[in-house]
Amino acid sequence: MSEKKEPSVWQGFKAFLMRGNVVDLAVAVVIGTAFTNIVNSVVKGVINPLVGAIGTKNLDSYSSCLKGPCELAADGSVSSGVMILWGSVLGATLSFVITAAVVYFLMVLPMAKYLARQEARRKAREGTKEIVEVTELEVLKEIRDALVAQRGPGRTES
């Protein structure tokens, strides 16, 4: 009886790394990390000043005291009370929404449209191929029928 040799852990790991989706994911993480700096700059340079026109320029300063009295130390940490820093959550949420919108409109949507066009072209090519195949089949049938008609009804193949 022959035993099937199991692949080694190293071979399995190598196969995992060489799959296309793992490489794509690694590229996406690197690009996403670099893109984070751009989004943070947009939030600090554009969004925060717009919010600052209404209130304070720094969203992190928006907070509510849950259990008072709330006092902040010189370094910005809470020295007494329980403070909810909802401004920093709002800033992070804005960063996420901006990132998601840019990724969707500049990367996902154009790629989806491109793939849809490619699929439509592929289906169109397959459709014309089927029409050509059916037409060839019809022509062959007509040739066969013409040959049978030329031989006459009483003749058989030898």
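The model is predicted.

**Colour by confidence**

Apply pLDDT colouring next. The chain has a mean of 78, and 89% of its residues reach 70 or more. Now pick out strand E2, residues 78-84: its mean pLDDT of 77 is the lowest among the elements. Helix H3 has the highest, at 83. A word of caution: where pLDDT is low, the predicted coordinates should not be read in detail.

**Show the surface**

Buried residues are 8% of the 158 in the chain. Contacts come next. Take those between residues at least 6 apart in sequence: 32% of them join residues at least 24 apart.

**Select the core**

Select Phe 35, Val 39, Val 43, Ile 47 and Ile 98. These 5 residues form the largest nonpolar core. Helix H2 gives the most to this core, with 4 residues.

Stay in the core and centre on Val 43. Hide its neighbours within four places in sequence. What is Val 43 in contact with then? The partners are Asn 48, Pro 49, Ser 95 and Ile 98. Ile 98 is itself a member of the core.

**Select the aromatic rings**

The chain has 3 aromatic pairs. Two stops follow.

Go to Tyr 62 and Trp 86. Their rings form a tilted pair, 5.3 Å centre to centre, with 35° between the planes. Tyr 62 lies in the loop between helix H2 (20-54) and strand E1 (64-72). Trp 86 belongs to helix H3, residues 86-151. The pair therefore ties together parts that are 24 residues apart in sequence. Is Trp 86 buried, partly exposed or exposed? Its relative accessibility is 38%, so Trp 86 counts as partly exposed.

Move on to Tyr 104 and Phe 105. This aromatic pair is edge-to-face: the centres are 5.1 Å apart and the planes make an angle of 80°. Check each ring against the surface. Tyr 104 has 40% relative accessibility and counts as partly exposed. Phe 105, at 52%, counts as exposed. The cut-off for exposed is over 50%, which is why Phe 105 falls in that class.

How values were computed
Residues numbered from 1 in each chain as written. Predicted model: local features only at pLDDT ≥ 70, side-chain atom pairs only at ≥ 80, totals over all residues. Heavy atoms only, no water. Phe/Tyr/Trp six-rings, centres within 6.5 Å; stacked < 30°, edge-to-face > 60°. Helix = DSSP H or I, 4+ residues; strand = E, 2+ residues; numbered from the N terminus. Buried < 20%, exposed > 50% of the residue type's maximum accessible area, 1.4 Å probe, protein only. pLDDT = per-residue confidence, 0-100. Contact = heavy atoms within 4.5 Å. Core = buried A, V, L, I, M, F, W, Y, C linked by side-chain atoms within 4.5 Å.
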